[in-house]
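Colleague: I am new to this structure, and I would like to go through it with you slowly. Could you show it to me before I ask about the words used to describe it?

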Amino acid sequence: MNLGDSCGLEFSARELTSANEVLECLAKGGAGWLQTTSAVWIRTTAGAPWKRVSGKGADDVRNCMPLDGELVLGDRSSAALRHLGSTWQWVELHEKPGDSHRQVEVQLVANRHPTQLGLQGGSAALAALTYSNYWTRQLEQDDSPIAVWRPCASRFLGFDRLREDGGNQ
């Protein structure tokens, strides 16, 4: 496996205590997906409305209870939302110049037709969620001189058509 390009990676996390706080964070991003208690929602670009792609219930994401999601924040930055009981964790990942990590782009097949994800044109019949997977070098054991590459994070890049190579570099 090719461990990809060298880069640095910064994380910032904060706890959100209300669904309104979650929706405020989600409003600042671009393309992404959101799982609520009753449906899955997507947004294809910044400023576009959230569109329900599965499930039932409210017609507006603002009337739903958010659980988990991922969102593109900008060039080389994304956020992940995780529901943790009565609160949520909002983690922002920022790729920076550096050599502390290696990055590999991968695609996961989406269970939606490309046009449902706002993808026009192209010949691929399958849509994909595209990610940067990050690896960091760690000692095999605390007292070992041997360092190995281990996966440490994944950052959502957006929706795309599945590449002919199956989506993996």
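Colleague: Which elements do the buried residues of α1 pack against?

Modeller: This is a predicted model, in which local features need pLDDT of at least 70 and side-chain atom pairs count only at pLDDT 80 or more, while totals for chains, interfaces and linings use all residues. Residues are numbered from 1 along each chain as its sequence is written, and side-chain values use heavy atoms, with hydrogens and water left out. The buried residues of α1 pack against β1 (5-16), β2 (32-36), β3 (39-43), β5 (66-74), β6 (77-84) and β7 (87-109), where contact means heavy atoms within 4.5 Å.

Colleague: What makes the buried residues of helix α1 lie on the same side?

Modeller: In α1 (residues 19-27), Val-22, Leu-23, Cys-25 and Leu-26 are buried, that is, under 20% relative accessible area, with exposed being over 50% and partly exposed in between (1.4 Å probe, protein chains only). They cover an arc of only 160 degrees around the axis, which puts them on the same side of α1, the arc being that of the directions from the helix axis to the C-beta atoms. Exposed Asn-20, Glu-24 and Ala-27 are carried by the face turned away from that buried side.

Colleague: Why is the pair of Phe-156 and Phe-159 called edge-to-face?

Modeller: Rings of Phe, Tyr and Trp (its six-membered ring) pair if their centres lie within 6.5 Å, and planes under 30 degrees apart count as stacked, over 60 as edge-to-face and the rest as tilted. The ring centres of Phe-156 and Phe-159 are 5.4 Å apart and their planes stand at 75 degrees, so the pair is edge-to-face. Both residues, Phe-156 and Phe-159, are buried, and together with Tyr-131 they form one aromatic cluster.

How values were computed
Helices (H or I, at least four residues) and strands (E, at least two) are DSSP runs, numbered from the N terminus.
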